[in-house]
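Trainee: I am new to this structure. Please show me how to read it, one feature at a time.

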Amino acid sequence: MPLTLDERTLRRAAVVDDDPMVRAGYAEALEDLGIEPWDVRELTGNLSDIWDSKFCDCDAVISDLKLMAPGYAPFNGGTLLAECWRKKLPAVLCTSYSDVSQLLPRSERRRVAAILPRTHFDLGKLREGLLRSIGELEGRFTPERRPWRTQVEIVDVPNDSSYVWIIVMGRSPDEKVMVYTKELPAEVQGQVQPGMILHAKVNTGAKSAQDLFFDEWEPK
Amino acid sequence: MTTARIRFAPDILRRLGEELNPHPAVGIIELVKNSYDADARKCTVTLTDVDQSGGQVEISDNGDGMTVEQIEQGWLVLGHSQKEKSRRTRLGRIPAGSKGLGRLAALRLGRFAHLETRPRSDRAAAHQLLIDWKLFDKASLIDDVDLAIDVHSRKKGTSNGTTIRLDKLRDRIGRMEVKRLARAMLLLADPFGENSEGFQPTLIAPEFSDLEALVERRYFDHASYHLVAVLSDKGEATAQLYDSRGEILFSATHNDLFPKEVDRVVECPSVEFEFWTFILNGITFATLPVTIPEVKAWLSEFGGVHIYQNGLRVAPYGDPGHDWLSLNLSRSRDPEERPSTNNSIGRVRIEDAEELLIQKTDRSGFIESHAFHEIRRFGKAALDWMQDRRMELAEKKRAKARTIAPKRTSKTKQRLDETIEAAPPTLRKQLREAAEKYDKSRDKEVDELKKEVQLYRTLSTAGITAATFAHESTGNPLKAITLAVSTIERRARDRFAAEYEKKIMPAVDRIKSSLESLSVLGTVTLSLLNHEKRRIAKVDVHGVVRSVVNTFQPFLTDRNVTIELQLTHGAPWIYGSEAAVESIVTNLVNNSLVALEKTPANERVIRVSTSVMDDVMRLSVCDSGSGIRDIRVADIWLPGRTTRNDGTGLGLTIVKDTVLDLGGKVGVSESSELGGAEVFVEVRIMGV
C-alpha cells in the first residue's frame, strides 16, 4: 500500500546513488515504507534533458550527495535536489559526510529540505525527511528552516583564504559563520572586508551554524 | 486638442548630476574626457583654494573648441550622447562620449560655471557662457532660465581650446579627494604605454606632482614575469610569458589557454592584456637598481589591472578594492605562483569602436554584458595559464637544485683540499684532521636529514593513501554496510519478534558499533588533511584541543579511555596554522593512547591541560599509562625511535619540530598525577 504523507501519496521514489549496493539498501528501506523504489542506474546528460525519462513517474527522490563514480552523473545530489525543489518533487539527501559545506553551497541548502546522515539512517528519519520536504514545497517551514530577510556582517577576512567569517543578525554575536567567498554576490567578492554589511534570505532559526543557508543576496 | 509637454523642475539637475556621481573627481574626469574628444593634447586642471568652500576649479585645454551651435546642440544638452558610432575625431580618436551627466555634476560643483571656448573652425571667434545655478534654484522649470552665449572676437595670439571655470565651490575638496582626482587623471590616458594619442592631462596640485613622479618611475623592466595575451577580432587568443630580461619563456595558442573549451572563441572586441608580476623578495632584488619598498609604494598606488577602452581608462577597474579578475581570491584558493594585487600591475586595452561595452551611467564601470564577461573569461584564462607555466618552472628549478647541490659540494671539497695542501707543512696535518672531523659530522648530519626526509615522505605517502581510503570508505562501502544492517535489523525484528532481541540483536549491535569506529578513522584522516587548516592565521588553541578531542571521542569511547580537559580561563591564541596546533595535540593524544594499551580498561585516563603565565602558554598531556619505558627519556624526541614494533617513531619528533617552528619548547616528566608520563609544550601566545 502506497505511503501517504501530508495528503500526498508516494507510490514510487527514485533512488539515486553511484553505488548499486547503496541503492539496494535504500530500495529495501523504501519497500518497507510501502514505496516502490525506482533504481536510477545512471544520470548522464543535462539534468533538464533527462528529467522526464528518469523522474517523471516518481513521486519522490532519495539521493546521495556525491555522485562521483565515473559515468554516473555530471552533477551532484545538491544540484539534483535543487531541481526537484523547482519541479515540486519531495526529496531527501542522504550522505556520509558530517560537513557538507564544501559540496553543497549554502544557497543550494535552502532547496534541500532534508539531509539524512548515514549514521542516523532509519525508516522513521526517512519518513520525517520526506514529510519535511513536502511541507516546504507547500510553504510550511519548521522554525529552523524558515527563511527571513536578514542583515549579515562580514567580521573577519582571513589572509589568503577562500572564505570569510560573518555574523548573522538575530543570532548570537559570538557565533561566527564561515561562508565561502565564491558564494557571496559576484560584485562584492573582490572587495570583501570586515564591517561590510549585506542582506540575504537566511534561516535564522537554524540549530547550528552549519545548517544556515544564505540565498537571494541583495546587491550592495 | 491641447498639446502638452513633459517639463522638468530644476531639482532634477541636482538629482541627475550629483546623485549619480559619488565624488567630485568623477565629474571633473568627465570634463577632461570632453577635452580628449575635442582632440586636445593638453588639459590642465587647476585647483585654487579648494580646501574650503568658495574655492575655484579651472579646466583648460588646447582642443578644437566649440561653435555656438555645438554649445547649444551638444554641450548644453543633457542625456544625449554626442558620440556617433564608428565616428572618429580629427586626430583619429574614438570619442569617449558621455550623456553629459558627469559634466553636469562637475558644473554644479560651484555656484557659477563659466565657459570660454575658441573654435578651431573660426580662428577669430571666442564664445562665452555663464551659468548661475542660483537662477535655476529660483525658477520653476529648467526651461525658464535663459542662458546667454556671448560671441566676441578672440584676442590675437590666443589658441583654440576651451576653458571651464567653476567658481564659489559649494563644498571643500579635501586632500583625499584631490589625491583621488590626481590618480584618476594620471591613469586616464594610459601613462604606462606609449601614449600614442598624445593626450596629457595635468593637475596643478602637489598631490599630482608626487604621484606623477611615482608613475614615471615605471618599474616594468624589473618585473619577474611579463604576460602578454592578445585576443584578435575573431575571438582567438594567444599569449606569451616573458622573463625579466624580455626573453620568451612560453607561448600559448587559443586551445592552450582554454583547454576545457577548445575551439570556443571569445565573444568580445579585440583585447590586449599585459600583466607584470614582481617577486618581492631579497634574492630577486639583490641585483636590481631599485628597492623593494620603492616598488611596493609604486604598486600600492597603481597596482591592479586597469582597463582602457579606446585609449581612455574606465574606472573603477584596478582601483583599490576592485579586483575584477579576482587575483586575490584565486591566490587565496591556490597560493603557489599566483600573483595578487599587491605584487602585480596590469592593463587591458580594448579597441571597441562598435561600443559593444557600455559604461554605466554613474560611471561605476561597464554594464555586465556578455561581452564584458567574455573579457573577464579571457583575462582569467591567461592568468591561469601563466600560473601553470610558473609552476612548471618552479618544479624544474627544484629538480635542478637537487642535481646541482651534490656537484657544488664536491667542487667546494676539492677547493678545500687544495687549500690545505697549499698550507705550510706544520699546519697541514692539523687542518686535514679538522677537515676530516668536520666531514664526518656533516655526513652524519646529512644522513640523519636524509633519513628524516625519507621518513616524512613515507609518512606523507601513508597519509595520502589513508586519505584515499578514507574518502572511499566514508562513502560507499560504509554506507552500503549501514543500510544492509539497517534492513537486517528492521526485517528481522519484524520476522522474529521477541526472538530478535535474544538471538540477532547483539550481533547487529556489534556490527553497528564497529561501523561507528570505522567511520571515525575516515573522519579523522580527512579532517587532518583539510587544506584550510594550513593557512597562517589566528589560532584558538582551546578550540583546536576541543576539536581534536571531539574527533577522537568515538575512538576513545571504543577503547574505554576517559579524556579530561583542564583548560585555563579564556581563549589563548597564537599566530600560526591550525594544522600545526592540531598536529601537536593529535600526536600527544595518540602518544598517550599507545601508552594506555596495556593499562586495564577501567583505568585509562588522558588529561589535556593548559595554563598561561605572562605570555607563555603551557599545554600538557598526561595519562595513566605505565610511563616511559625501554627508551631513554632524552631519546623520545629522536626521529624513528619507538618502543613499538609497528610504530613510526615520528609522533613526538613532529611535536618537537612543530613547537620549535612556533618558537616554543618541549619537555617531558616521567611521572604525572595520573601515574604515566607527562609531555608538555610551551609556546608564546599573542593574546587570551
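This is a predicted model: local features need pLDDT of at least 70, side-chain atom pairs count only at pLDDT 80 or more; totals for chains, interfaces and linings use all residues.

Trainee: How many bridges pair S12 with S14 in chain B, and in which sense?

Mentor: Six bridges pair S12(B), residues 304–309, with S14(B), residues 344–351, in the parallel sense.

Trainee: What about strand S5 of chain B: is it buried or in the open?

Mentor: Count the buried residues. S5(B), residues 149–153, has five residues and the number buried is zero, so the strand lies largely in the open. S5(B) pairs with S4(B), residues 125–132, in the antiparallel sense over five bridges. Within that pair, His127(B) has Val151(B) of S5(B) as its bridge partner.

Trainee: Which residues form the covered face of strand S7 in chain B?

Mentor: Pro201(B) and Leu203(B) form the covered face of S7(B), residues 200–204. Gln200(B), Thr202(B) and Ile204(B) make up the uncovered one. S7(B) runs parallel to S1(B), residues 42–48, and five bridges join them. Thr202(B) in S7(B) stands opposite Thr44(B).

Trainee: Now helix pairs. At what angle do H17 and H18 of chain B pack?

Mentor: Look at the angle and the distance together. H17(B), residues 541–558, and H18(B), residues 578–595, pack at about 50°, with their axes 9 Å apart. The two helices are therefore oblique to each other. Their crossing is right-handed.

Trainee: Which residues make that contact?

Mentor: H17(B) brings Val541(B), Val544(B), Val545(B), Val548(B) and Phe552(B). Among those from H18(B) are Val581(B), Val585(B) and Val589(B). By class, the contact has eight nonpolar residues, one polar and two charged.

Trainee: How many residues does each chain give to the contact between chains A and B?

Mentor: Take each side in turn. Chain B gives 28 residues and chain A gives 25. On the side of chain B, helices H11 (327–333), H14 (476–496) and H16 (505–528) each supply at least two residues. H14(B) gives the most, with ten. That side has eight nonpolar, 13 polar and seven charged residues.

Trainee: And chain A as a whole: how many helices and strands does it have?

Mentor: Chain A has six helices and twelve strands. Of its 220 residues, 40% are buried. Next, ask how far apart along the chain its contacts reach. Among contacts in chain A with a separation of 6 or more, 60% join residues 24 or more positions apart.

How values were computed:
Residues are numbered from 1 along each chain as its sequence is written. Chains are lettered from A and ligands numbered from 1 in the order in which they are written. Two residues are in contact if their C-beta atoms, placed from the backbone, lie within 7 Å. Helices (H or I, at least four residues) and strands (E, at least two) are DSSP runs, numbered from the N terminus. Ala, Val, Leu, Ile, Met, Phe, Trp, Tyr, Cys and Pro count as nonpolar, Asp, Glu, Lys and Arg as charged, and the others, Gly among them, as polar. A residue is buried if 20 or more other C-beta atoms lie within 10 Å of its own, exposed if 12 or fewer, and partly exposed in between; C-beta atoms are placed from the backbone. Two strands pair if DSSP finds at least two bridges between them. Axes are lines fitted to C-alpha atoms, for helices over the stretch in contact, and angles run from 0 to 180 degrees between N-to-C directions. Angles under 35 degrees count as roughly parallel, over 145 as roughly antiparallel, 65 to 115 as roughly perpendicular and the rest as oblique. A crossing is left-handed if the near helix is turned anticlockwise from the far one by less than a right angle, and right-handed if clockwise.
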